[in-house]
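Here is a short report on one protein chain. Please keep the sequence and the 3D view open while reading.

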Amino acid sequence: MGKVEGGMKCVKYLLFVFNFIFWLMGSFVLAVGLWLRFDPETVSLLNGDKAPDTFFIGVYILIGAGSLVMLVGFFGCCGAVRESQCLLGSFFACLLIIFGAEVAAGVFGFLNKEKIIQDIENFYTTNYNENNNGTLIISYQKILNCCGTTTSPCPDTPPDTKDCGTGIKDFFNSKLHIIGYVGIGIAGVMILGMIFSMVLCCAIRNSREVI
């Protein structure tokens, strides 16, 4: 089997290093996704009956993509070291799938931000109107340092206490921005991985033709 030499050998090891970094980034994406899913504050706010689940859709995409990125990064390292066209081809195909998933998570986080926040506000308002001293309402007020609703704020509250509509917007805006930026950022890095894998595949194919 022909081995890549010269500049292409450098590309081979660059691809290996890139895939190791890629594996680390997959671990990071998975960790972020798990944190968003099991963050005690987020879970307590979305743990009631009929709580909207739209927020967690983007989180599940991140968790799935992060897990797949770790697996693909491992096989990419193996493919680079073994100079295997099969492994590198599979790596490239998986990158395309992950690229689509990460972009979907990022776009979902940005484009559905207003709808997700509105669903959560409606969920809070419904529960507040039914029982403004319920456990769920107390959780919202404690975690978000808020009271009442946008249309009916609590009287005689401290100056730093906001209405819960504003608190919900601020809290979930920050979470959704994390989903969006992580998804689109990782997708951008994947483009480099696809370029490296294409170059190395071409180099391996040419070396074998020469042999």
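What follows goes from the whole chain to its helices, its core and a few single residues.

## The model and the chain

This is a predicted model, in which local features need pLDDT of at least 70 and side-chain atom pairs count only at pLDDT 80 or more, while totals for chains, interfaces and linings use all residues. Residues are numbered from 1 along each chain as its sequence is written, and side-chain values use heavy atoms, with hydrogens and water left out.

The protein chain has seven helices and zero strands. Helices (H or I, at least four residues) and strands (E, at least two) are DSSP runs, numbered from the N terminus.

Of the 211 residues in the protein chain, 43% are buried. Buried means under 20% relative accessible area, exposed means over 50%, and partly exposed lies in between (1.4 Å probe, protein chains only). The accessible surface of the protein chain is about 10,800 Å², and carbon and sulfur atoms hold 65% of that surface. These areas come from the Shrake-Rupley method with a 1.4 Å probe; for residues, only the protein chains shown count as cover.

Contact means heavy atoms within 4.5 Å. Among contacts in the protein chain with a separation of 6 or more, 76% join residues 24 or more positions apart.

## Record and helix

The UniProt record (unreviewed entry) places the feature "transmembrane region" at residues 12-35, 55-75, 87-111 and 178-204. UniProt positions are given in the numbering used here, feature names are shortened, and annotations may be inferred rather than shown by experiment. In the model, residues 55-75 are 100% helix and 0% strand. The end C-alpha atoms of that span lie 31 Å apart.

Helix H5 covers residues 113-130. Its 18 residues should span 26 Å at 1.5 Å a residue, and its end C-alpha atoms are 26 Å apart, which agrees. The expected span is 1.5 Å times one less than the number of residues. The buried residues of H5 are Lys113, Ile116, Ile117, Ile120, Glu121, Phe123, Tyr124 and Tyr128. Seen down the axis of H5, they fall within an arc of 160°, so they line one face of the helix. The arc is that of the directions from the helix axis to the C-beta atoms. The face of H5 turned away from the buried side carries exposed Glu114, Asn129 and Glu130.

Helix H6 (residues 135-144) buries Leu136, Ile137, Tyr140 and Leu144. These residues cover an arc of only 100° around the axis, which puts them on the same side of H6. Exposed Thr135 and Lys142 sit on the face of H6 turned away from its buried side.

## The core

The largest nonpolar core has 45 residues. Such a core is a set of buried Ala, Val, Leu, Ile, Met, Phe, Trp, Tyr and Cys residues joined through side-chain atoms within 4.5 Å. The residues with the most contacts inside this core are Phe22, Phe55, Leu62, Tyr140, Ile168, Phe172 and Ile179. At least two core residues come from each of helix H1 (7-38), H3, helix H4 (85-111), H5, H6 and helix H7 (164-210).

Phenylalanine 172 touches Thr42, Leu45, Leu46, Phe55, Ile117 and Ile120, not counting residues up to four places away in sequence.

## Single residues

| Residue | Relative accessible area | Class |
|---|---|---|
| Lysine 175 | 7% | buried |
| Threonine 54 | 17% | buried |
| Cysteine 78 | 25% | partly exposed |
| Valine 107 | 34% | partly exposed |
| Asparagine 145 | 37% | partly exposed |

Threonine 54 lies in helix H3 (residues 54-82). Leaving aside neighbours within four places in sequence, threonine 54 contacts Phe108, Lys115, Ile116 and Asp119. Lysine 175 is in helix H7. With the neighbours within four places again left aside, lysine 175 contacts Trp35, Leu36, Asp39, Thr42 and Phe55.

Cysteine 78 is found in helix H3. Its C-alpha atom is 8.0 Å from that of phenylalanine 16, 62 residues apart along the chain. Valine 107 is in helix H4.

Asparagine 145 is in the loop between H6 and H7. Asparagine 145 is not a glycine, yet has a positive phi of about 50°. Most residues other than glycine have a negative phi.
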